[in-house]
Each structure stands twice: as C-alpha cells, then as structure tokens.
Amino acid sequence: MFVELKVNGEKRSADVPPETTLLKFLREHLDLTGAKLGCDVGDCGTCTVIVDGVSVNSCIMLAAKANGSEVTTVEGLANTSDLHPLQKSFEELGALQCGFCGTGMLMSAKQLLDENPDPTDFEIKDALAGNLCRCTGYTKIIEAIKDAAKNMRAA
Amino acid sequence: MATKPTQDLDQKTIVIEDTESALNAPVRVKEAHPIIYPLSLPETEERKATPAVGQSASRPDARLHGLGQTKYIDDIKFPNMIYAKVLLISIQVEFLIIKAHAHIAIKIGTLLILGVLRILKQELIMVVLANF
C-alpha cells in the first residue's frame, strides 16, 4: 500500500503492508525514532504525534488512514538554530529524566499550547491524561509547560 | 532552631498499651509548631565552598531526549537482526521464541512455523526459572 505523508514539512512516502501503523511507518520506514513504542495499545502515549493539528497515538492509527495528512513529530519541533520553547523549558526544569515519555509529552503539550496559550494546571493535566511518566511524578512536566507557555506568550 | 520542635514532640509522646482504646479514642490534632524558615541563606564559609547547593542542575542528556535523538535499545537496528519473544503461557511452561526472516521455518510435530529460528523451552532457561 502506497502511503504519502507530509512529515515535518517534508513529503515522505513508502510502500508498506496495509496493517502498518503510523508509528511503525514513522519508525521503520522513515527512520524517525523520536516517537517511541511503549505499550502498543494506546495507553502510555509515548508514540504521540500530531496529525493535522490533533495529537494522536500513532501506535493505534493505521498509516493508510494518515495518508495525505500533515504529521508533526518531535523531530520537527526544533529548527537548526533554536529549540522549541517547550524543549527549552523541559530541559531546564528537569522534566526529562530517562526521557522515554518526553517526546510524547512534548507533542501533547505542543498541541495544548497551540490551542490554548495560557492553560491552567487542570487543563495541562487534562491534556497529559494520555501520557504516562514513571520518573518525574509529572510535577516538573507541568511546571515546564507553564514556563514554556509564559515564554511563548512573552515572545 | 531546627531541634526545638522535635524536643517538644518527644516530650509529648504517649505510649498507649491498650490498642483497643487507642483505636476508639478521638483523633487529636497535635499543636501546631510554627517553624520559621530563613528567607535568605547566610553566606557561610561552608556555603561558599559548596556553590552547587541550592542551584538547579540540568541533566547532560536532556537536550538529546528533548530533540528525540536519544537512541534507546528499541531504536537501534542491525543487519540480520533476530528478535526474541517471551511467552509466559503459565508459570510451568515458558518459551523463548527467536524470530528471524520468513524463509526460516521450524517444525513442531506436524506444525510448520515460518520465520521462527528456535524455540527455547523452560528446561533450557533454568537460570530464569530458578527465581520462581
């Protein structure tokens, strides 16, 4: 099955078996390993990517369903000169420890801040409801998202 | 300053031997011990000698984590790599199936399984089972 996507602003395509998930497509066919395989059933959120402006669990979305859409992965957050404000805050405030959940967290947080530039604690927790973290206890992640939101509003 | 409340608490510790009456007794909230925290740390010689205390430290690997560039074990691929899968069917029966390319097949009785290089049963992995 021929699948063509716009990944991080670049047109990418591959011929894949029809049962290929979007996560497998990104990781194995496009070599974008930023999205991680955690539970493979949509519970843990490590595979979160943004498809047409909506954050999705790419492990339970078929690549064929995403055909023709615009996908943003964690590799597309930073550009050659600057980190995304979220990445900067996550790094500075210690929100990344082992870092396995981080890429998914960043994508969920990005979608939240795209829609809501000034989220409350409750709204941040609600946006991260689909992302599990076993290191940080979430506090630092929430702090980092608030910090990034502040920086993005000021910019 | 810091030791004073502890001393107060120690003096008020009551040993209750009768557990039943202790359970039925009304819960009493202990007196509040106001602790005054210094707002600014005094610049002692010890503090000057350890400037890292009280500073936030960033992890050296956080940059790569945030960029999605850290390579975890699942992100690494080698040519002709084979995959192992543990099937815990019950505590008694345990298999380790090592998967390879589809042209390799293994025969169990009359069943032909494609792509399986080897099946290791519990007898071969005694080290793991010794923990049960």
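In chain A, strand 3 and strand 4 form a hairpin with two residues between them, and A:Asp52 in the turn has a positive phi of about 50°; strands here are DSSP runs of E of at least two residues and helices are runs of H or I of at least four, numbered from the N terminus. The model is a predicted one, in which local features need pLDDT of at least 70 and side-chain atom pairs count only at pLDDT 80 or more, whereas totals for chains, interfaces and linings use all residues. Residues are numbered from 1 along each chain as its sequence is written, and chains are lettered from A and ligands numbered from 1 in the order in which they are written.

Strand 3 (residues 48-51) of chain A pairs with strand 4 of chain A in the antiparallel sense over four bridges, pairing being assigned if DSSP finds at least two bridges between two strands. Within this pair, A:Val49 has A:Val56 of strand 4 of chain A as its bridge partner, and A:Ile50 stands opposite A:Ser55 in strand 4 of chain A.

Helix 2 (residues 85-92) of chain A packs against helix 3 (residues 102-115) of chain A at an angle of about 130°, with the axes 10 Å apart. That angle makes helix 2 of chain A oblique to helix 3 of chain A, where angles under 35 degrees count as roughly parallel, over 145 as roughly antiparallel, 65 to 115 as roughly perpendicular and the rest as oblique. In this contact, A:Leu86, A:Gln87 and A:Phe90 of helix 2 of chain A meet A:Gly102, A:Leu106, A:Ala109 and A:Lys110 of helix 3 of chain A.

The axes of helix 3 of chain A and helix 5 (residues 139-154) of chain A come within 11 Å and cross at roughly 40°, and these two helices are therefore oblique to each other. A:Met105, A:Ala109 and A:Leu113 of helix 3 of chain A make the contact with A:Ile141, A:Ile145, A:Ala148, A:Ala149 and A:Met152 of helix 5 of chain A.

Chain A is divided into domain 1 (2-76) and domain 2 (85-154), with bounds that come from an automatic or database domain assignment. The C-alpha centres of the two domains of chain A lie 21 Å apart, and 14 residues of domain 1 of chain A are in contact with 12 residues of domain 2 of chain A. Strand 3 and strand 4 of chain A are the elements that give two or more residues to the side of domain 1 that touches domain 2.

The contact between the chains takes 18 residues from chain A and 13 residues from chain B. On the side of chain A that touches chain B, helix 2 and helix 3 of chain A are the elements that give two or more residues, and helix 2 of chain A gives the most, with four residues.

Note on methods. Axes are lines fitted to C-alpha atoms, for helices over the stretch in contact, and angles run from 0 to 180 degrees between N-to-C directions. Two residues are in contact if their C-beta atoms, placed from the backbone, lie within 7 Å.
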